[in-house]
Amino acid sequence: SDHMENIYGYLMKYTNLVTGWQYRFFVLNNDAGLLEYFVNEQSRHLKPRGTLQLAGAVISPSDEDSHTFTVNAASGEQYKLRATDAKERQHWVSRLQICTQHHTEAIGKNNPPLKSRSFSLASQGSANSPGVQRRPSQNTVSFFSVGHHRLPTGKRVPIMQPDHLVDVREMMSQAEGQQRDLIRSIECLPASGNITSLDQDLLMLKATSMATMNCLNDCFHILQLQHASQQKGSLPAATAISWFEPKISLANHFKNGAAQNFPAEINKPASVREEQSIAEPCQLTREPEEINPDEELEDICDDKEDDLGAVEEQRSVILHLLSQLKLGMDLTRVVLPTFILEKRSLLEMYADFMSHPDLFIAITNGTTPEERMIRFVEYYLTSFHEGRKGAIAKKPYNPIIGETFHCSWRVPKSDGATDAGTHSSAHPASEPVTLPKDTEDQTELDCYTVKFVAEQVSHHPPVSGFYAECVERKMCVNAHVWTKSKFLGMSIGVTMIGEGLLSLLEHGEEYTFSLPCAYARSILTVPWVELGGKVNINCAKTGYSASINFHTKPFYGGKLHRVTGEVKQNLTNTVVCRVQGEWNSVLEFTYSNGETKNVDLTKLSVTRKRVRPLEKQGPFESRRLWQHVTESLRAGDIDKATEHKRALEERQRNEERLRAETETPWCTKYFLKEGDGWVYHKPLWKTVSAAQPQQTDTN
């Protein structure tokens, strides 16, 4: 009762896309259980501009930032609000939750239980409603009769155990799904007739069911926090919670549920239990691990994404998903269906952009700054074709925070001095370069080694860091990328925010570069990938720069995948090379001396990366982490793949919430935050002194 005082103050309220955020004066009326707002404090004596009944409401802090929260009323109305800082948000959220709980409980005390009704909610709604399609016979009584379980007599456990949390989470998941179906069924009822969606008892049912779910979520989170504290030994034994009765079922909608290190669950596949039982990454060693390239074996995986079967079969799911999206909506937090996934992580996709390591090494062989810039542009433009697996647009797995990917390439030293024009037809793309078996023992001496490491350094926003180096050639590349996706109607756009830095230590040169946007087009028919936007490459020391345009196809006519660009000397504004063509087909380079060179990307040699076997990988390395999802996708078992994917995503949400509650910062393994970017912890430029060129480079 000490916290039931009325509070008031200014908050920002989101109105719509046009108006955006506006300051409004809010008043929490505890006595009436109302949240009211006015244009400003001076108009407080006038009629409120808006009012929300808090009984049955759900108050939810947003995870998009530390200032925003939402108030979801039982009527379906929502206020999206923003405080000035995290402390003020917590003040409003806690007071609103206390008021909401008080008035929700008052409804239960002051109103008798709902009378049982024999009608079926589903039968009253539209024949096309989701509730009708899934549970045509469900009614309000049957909803509340599902999910109650009791332990056998004599099985009471005095101290809470992790497997009990698992059981509760599973039961919560079932009940929350049923609660969503119930709300959907009520909202599908007609606006007039004997039973309507505005029926007083049904509105009461919606309010109390939502309030019940909210309270159970809070209780479960408290239990989870206490269990985590007990594991760390921070609570005395006397504070352990006794567990006398198993609780009701509830969950998948509850996104912060899975406690860590749960024992095996009998009803779940062993692989799902393994995914849910991996300890929180910060509880594992976060010390950087030196990967021995000799432990890596040539990659034999060849998962081309040319199968349209799943997309064709699941078109109704895609339509249902599209119906819930709005133009411009950020898809970062939207859970996409499993059947549109590639069989690799985004971190591995970045590694596949390095599938021409011979061209990468050849950059530093340029004898002049001009030649090195042109070689870098050639390498840059040839990297995107192999980065895509097939012609069908599918989405790689979203890496979970702390996920890493390691690999390497071995390049014969005889190839290190070549460029794209001298060996573009040496090996078809369908026949990747493979080192002969009888020379394996000599490869360390006869080959250059290019090592690659990537890490997911942030979850919100999703940021990946990746780094590659060739110690023998004194060159390395460091990059960080924030992938931001938006819904554009019949396509999805992905902006690659970030910057890369190529260092040629032998020449003391650094090249900064950006990445183009990607678009998944025709998502209802045959989805395909298109690149678009302008990227820049600059070398401050030499004064050379490149401007590259990836052209999207016009609505009428035009070519697909077109790219144009030019390399110039900034001091003289002289163009020294022009390029045109298609980034996934043939590129034509025209030099200042009039010579031209064509590079057929479909015939360009591809060097297979080398990856450690799964049994030698750590639990958070991409292929081991996602192995069960990948195996299920290969087998065509979409349901099982979805189950494994959901287990990983739930664990990540739980860990993130626990870190927020305990104010534990996330600690990265291989990359360090520097300014707005992320840098590899041991870059080559720190460990190797740049060798000064014997002669001054000339133009």
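Reply: What follows begins with the cavity and then turns to the loops, the sheet, the hairpin and the helix pair.

This is a predicted model, in which local features need pLDDT of at least 70 and side-chain atom pairs count only at pLDDT 80 or more, while totals for chains, interfaces and linings use all residues. Residues are numbered from 1 along each chain as its sequence is written, and side-chain values use heavy atoms, with hydrogens and water left out.

A cavity here is a set of points, on a 1 Å grid over the protein atoms alone, where a 1.4 Å probe fits but cannot get out, and its lining residues have an atom within 4 Å of a point. Grid points are joined across faces, edges and corners, and the volume is the space filled by probe spheres set on the points. The largest cavity holds about 260 Å³ of space. It is lined by 23 residues, and Phe353, Tyr380, Phe466, Phe513 and Leu515 are the closest to its centre. Helix H12 (369-387), strand E14 (475-487) and strand E15 (492-504) are the elements that give two or more residues to this lining; helices (H or I, at least four residues) and strands (E, at least two) are DSSP runs, numbered from the N terminus. E15 supplies the largest share, six residues. By class, the lining has 17 nonpolar, five polar and one charged residues, where Ala, Val, Leu, Ile, Met, Phe, Trp, Tyr, Cys and Pro count as nonpolar, Asp, Glu, Lys and Arg as charged, and the others, Gly among them, as polar.

Two loops deserve attention next. Lys474 lies in the loop between E13 and E14, and its phi is near 55°, a positive value in a residue other than glycine. In the loop between strand E12 (447-458) and strand E13 (463-470) is Pro461, which a cis peptide bond with omega of about 0° joins to His460. Most residues other than glycine have a negative phi, and most peptide bonds are trans.

Elsewhere, seven strands form an open sheet in the order E4-E3-E2-E1-E7-E6-E5, with antiparallel pairing; two strands pair if DSSP finds at least two bridges between them. Strand E4 (50-53) and strand E5 (58-61) are at the edges with a single partner strand each, so one side of each has no neighbour in the sheet. Within this sheet, strand E1 (residues 7-14) and strand E2 (residues 21-29) run antiparallel and are joined by eight bridges, and Met12 has Tyr23 in E2 as its bridge partner.

Further along, strand E25 (residues 671-674) and strand E26 (residues 677-680) run antiparallel with four bridges. They form a hairpin with two residues between them, and Gly675 in the turn has a positive phi of about 65°.

Key:
On a 1 Å grid over the protein atoms alone, a cavity is a set of points where a 1.4 Å probe fits but cannot get out, and a pocket is an open set with protein on both sides within 12 Å along at least five of seven lines; lining residues have an atom within 4 Å of a point.
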